[in-house]
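Try each task before you read its solution.

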Amino acid sequence: MERVLKDDAIQEKGERARMASFVGAMAIADLVKTTLGPKGMDKILQSTGRGRSVTVTNDGATILKSLHIDNPAAKVLVDISKVQDDEVGDGTTSVVVLAGELLREAEKLVNMKIHPMTIIAGYRMAAECARNALLKRTMDNKDNTDKFRSDLMNIAMTTLSSKILSQDKEYFAELAVDAVLRLKGSTNLESIQILKKPGGSLKDSFLDEGFILDKKIGLGQPKRIENANILVANTAMDTDKVKIYGARVRVDSMAKVADIEAAEKQKMREKVEKIIGHGINCFVNRQLIYNFPEELFADAGILAVEHADFEGIERLALVTGGDIASTFDNPESVKLGHCKLIEEIMIGEDRLIHFSGVAMGQACTIVLRGASEHVLDEAERSLHDALCVLSQTVTDTRVIYGGGWPEMVMSKEVDELARKTPGKKSHAIDAFSRALQAIPTIIADNAGLDSAELISQLRAEHHKVNSTAGIDVISGGLGDMQKRGICEAFKVKQAIVLSATEAAEMILRVDEIITCAPRRREDRM
């Protein structure tokens with residue numbers, strides 16, 4: 001038969017293609033499975049690049065982002081975990097595990113000669129039914145501030161309990177809730193800055209109102225400024241040399257060299273005077289400031305900060321309400337930033353600049369302390385997850401219980417739907433219900449409990465009306481989620497179920513994988 005594709009292109013059809021997608025997706029799900037739940041374990045990711053950096057994490061999205069994967073179906077799962085991370089922040093592992101379980105069940109059905117489209121139709125009905133089952137059981141306390149705050153605390157503690165911060169989860173939940181409530185309902189986490197400083201223990205972390213810039217104050221400059229007017233700039237403040245590549249200046253005496261230097265100095269002095277003309281008492285620059293202009297600023301009593309990293313000045317401009325300027329010819333058009341007080345503070349061994357009373361009242365900084373860089377990185381990821389979930393919960397205030405409770409509620413309803421549905425679809429709906437039960441099973445397995453025993457007890461409990469039973473991994477049995485205060489955001493669970501179903505559906509539709517021939521380098525001879 002004539003070949004249509006190029007020589008090195010690979011084409012897999014039918015059964016083999018489906019097999020490859022199922023196996024790839026399930027392998028990815030099995031990889032992150034052990035990180036699920038409060039007793040989940042961490043993974044060490046070591047890069048092969050320069051410096052061989054090491055990451056220790058149990059955040060599903062971070063693990064999957066760092067993998068280089070060849071299997072196309074596995075890439076779909078990596079994508080859903082990324083989207084889950086961007087959209088709601090938490091549940092990145094659950095969404096991959098659920099999609100993997102749905103495919104594991106689908107594989108059995110395909111082997112029973114049920115058509116993939118029938119399975120997809122069943123999964124769709126089941127997902128809709130599961131979502132409605134959860135909707136009926138949500139709680140909403142947005143009108144009662146105290147109750148809502150305690151809901152937020154519970155959600156934050158549940159999110160943090162599977163992360164590195166689980167030892168001090170009450171403390172960090174308090175930090176996260178305070179920071180998010182300051183945002184007054186916006187989901188823009190830009191104004192919450194997280195600063196990592198090695199040293200001390202995690203318990204020494206704190207929330208600070210205002211903005212902290214990780215820079216020292218220069219010599220001979222005021223260490224404290226009240227009612228500051230801040231100009232945030234991105235401009236070159238090294239002496240204005242002749243910045244033309246390969247330019248040469250020939251002179252016939254040293255006096256001429258001195259003249260050129262004096263002209264350069266004069267040019268710099270004019271630039272500094274223009275900047276001072278804005279009526280400011282604090283100048284923050286993205287680039288270097290040489291000694292001469294720094295001296296001029298110090299004489300004028302202006303605090304000058306050089307080399308503030310780009311993220312730092314972007315955020316500083318945002319929270320103080322100023323613009324980043326690069327030309328200074330018309331001062332009236334430049335918007336200055338304002339804050340009540342600038343002072344130098346010490347954190348551990350380091351000096352930092354603290355801006356308090358900033359124009360954007362909701363801004364705050366969380367300073368994380370910890371034993372090493374790896375601990376701090378993981379603590380930042382955990383806290384970021386909690387902040388994302390909380391900021392989403394403030395806009396969508398519906399709350400449900402956690403600890404395997406929502407999966408059992410959904411699986412019970414889906415089971416009933418399967419019994420009412422005629423035809424082959426009912427097999428798929430039944431499979432969906434089994435896949436949902438896999439999540440509490442894995443939570444129990446990771447805690448070293450007897451999952452078969454626990455899940456059957458839990459199923460029996462859920463046949464009672466309005467049961468709030470879930471898995472309590474601390475005591476190693478069933479627990480009342482309401483009393484334990486284990487809550488999750490409805491939005492997170494909804495995103496998990498819908499994304500996992502859609503991803504499984506997409507992989508099920510595949511019946512052929514075509515790998516293109518690699519491009520050959522032409523010989524340049």
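**Exercise 1.** How many bridges join strand β6 to β14, and do they run parallel or antiparallel?

This is a predicted model, where local features need pLDDT of at least 70, side-chain atom pairs count only at pLDDT 80 or more, and totals for chains, interfaces and linings use all residues. Residues are numbered from 1 along each chain as its sequence is written, and side-chain values use heavy atoms, with hydrogens and water left out.

Step 1. Strands (E, at least two residues) are DSSP runs, numbered from the N terminus. Two strands pair if DSSP finds at least two bridges between them.

Step 2. Four bridges link β6 (residues 206–209) with β14, and the two run antiparallel. Glu209 stands opposite Cys364 of β14.

Step 3. Now take β5 (residues 192–198). Seven bridges join β5 to β14, and these strands run parallel. Gln193 has Thr365 as its bridge partner in β14.

**Exercise 2.** Why is strand β14 largely enclosed by the rest of the structure?

Step 1. Buried means under 20% relative accessible area (1.4 Å probe, protein chains only).

Step 2. Seven of the seven residues of β14 (residues 364–370) are buried, so the strand is largely enclosed.

Step 3. Check the two sides. Cys364, Ile366, Leu368 and Gly370 point one way, Thr365, Val367 and Arg369 the other, and all are buried. Cys364 has 1% relative accessibility.

**Exercise 3.** How many disulfides does the structure hold?

Step 1. A disulfide is a pair of cysteine sulfur atoms within 2.5 Å.

Step 2. The structure holds zero disulfides. For Cys364, the closest cysteine sulfur is in Cys388, 14 Å away, too far for a bond.

Terms used: Buried means under 20% relative accessible area, exposed over 50%, partly exposed in between (1.4 Å probe, protein chains only).
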